[in-house]
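Please read it alongside the sequence and the structure shown here.

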Amino acid sequence: MDRNTDPKIFLYMLIINIALTTVISALPGSSLLGKSISNQLQSEVPSPSSNYLVSGAYIGMHNFLLALGMSIPFVGLAWGLFVLGDTAYAFASLGAMNKVPGVLLASNEAFLPFFWFEFICYSVMMGESFILGRAITKGNLNKSILRDYAFIIVGVGLTLLISGYVEAAFINLETSLGI
């Protein structure tokens, strides 16, 4: 395969990722786990109202580190599917805690811009895992592929940093409105 097929790989990964998240978030969740997740989020994620710069960078860096793991050849695909499956089950559990279908929570996230920033970046990085693994297996890992990979890492990093600030803005708005 040549680099012209890469967009197809990324598109397939995006479709698989969205389908996986939808299916797993529709499973019956644990309200006990939902309460645990809610408490953990409240204690670990910095409050955007306290320091917007810190919380946006924190969210962006967290998502970038997850995405970076998704690009590791041979294991990145599995890591990415695990992370997205875990996130989807968190939606199911938070939904169970609030007596709302988890798939409804996950579907509502799709209307927010950071959802698309994150899913596209995760899909690109998982696609890179496949591309790098294929190049290593075929013995044709070259400077062109590594250069493209470096550009993709920078692009994904900047996109997820922006996404972190957008997500922090939404959290700040939600907090200020008391939602």
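Buried here means under 20% relative accessible area, exposed over 50%, and partly exposed in between, with a 1.4 Å probe and protein chains only.

This is a predicted model, in which local features need pLDDT of at least 70 and side-chain atom pairs count only at pLDDT 80 or more, while totals for chains, interfaces and linings use all residues. Residues are numbered from 1 along each chain as its sequence is written, and side-chain values use heavy atoms, with hydrogens and water left out.

## Overall architecture

The chain holds seven helices and zero strands, in the order α-α-α-α-α-α-α along the sequence; helices (H or I, at least four residues) and strands (E, at least two) are DSSP runs, numbered from the N terminus. Of its 179 residues, 37% are buried. Where contact means heavy atoms within 4.5 Å, 82% of the contacts between residues at least 6 apart in sequence join residues at least 24 apart.

## Packing of H3 against H6

Two packed helices are described by the angle between their axes and the distance between the axes. The axes of H3 and H6 come within 7 Å and cross at roughly 25°, where axes are lines fitted to C-alpha atoms, for helices over the stretch in contact, and angles run from 0 to 180 degrees between N-to-C directions. H3 and H6 are therefore roughly parallel to each other, on a scale where angles under 35 degrees count as roughly parallel, over 145 as roughly antiparallel, 65 to 115 as roughly perpendicular and the rest as oblique.

From H3, Asn63, Leu66, Ala67, Leu68 and Met70 meet Glu118, Tyr122, Met125, Met126 and Ser129 of H6. Leaving aside neighbours within four places in sequence, methionine 70 is in contact with residues including Trp79, Val83, Tyr122 and Met125.

## Aromatic pairs

Rings of Phe, Tyr and Trp (its six-membered ring) pair if their centres lie within 6.5 Å, and planes under 30 degrees apart count as stacked, over 60 as edge-to-face and the rest as tilted. By this rule there are four aromatic pairs. One of them joins tryptophan 79 and phenylalanine 82, whose ring centres are 6.1 Å apart with planes at 35°, so the pair is tilted. Tryptophan 79 and phenylalanine 82 are three residues apart in helix H4 (residues 76–97), and therefore separated by about one helical turn. Tryptophan 79 is partly exposed at 34% relative accessibility, whereas phenylalanine 82 is exposed at 52%.

The rings of phenylalanine 115 and tryptophan 116 have centres 5.0 Å apart and planes at 85°, so this pair is edge-to-face. Phenylalanine 115 is buried, with a relative accessible area of 10%, while tryptophan 116 is partly exposed at 37%. Ring pairs link Phe115, Trp116 and Phe119 into a cluster.

## Alanine 88

Alanine 88 lies in helix H4 and is buried, with a relative accessible area of 0%. Not counting residues up to four places away in sequence, alanine 88 touches Thr21, Ile24 and Ser25.
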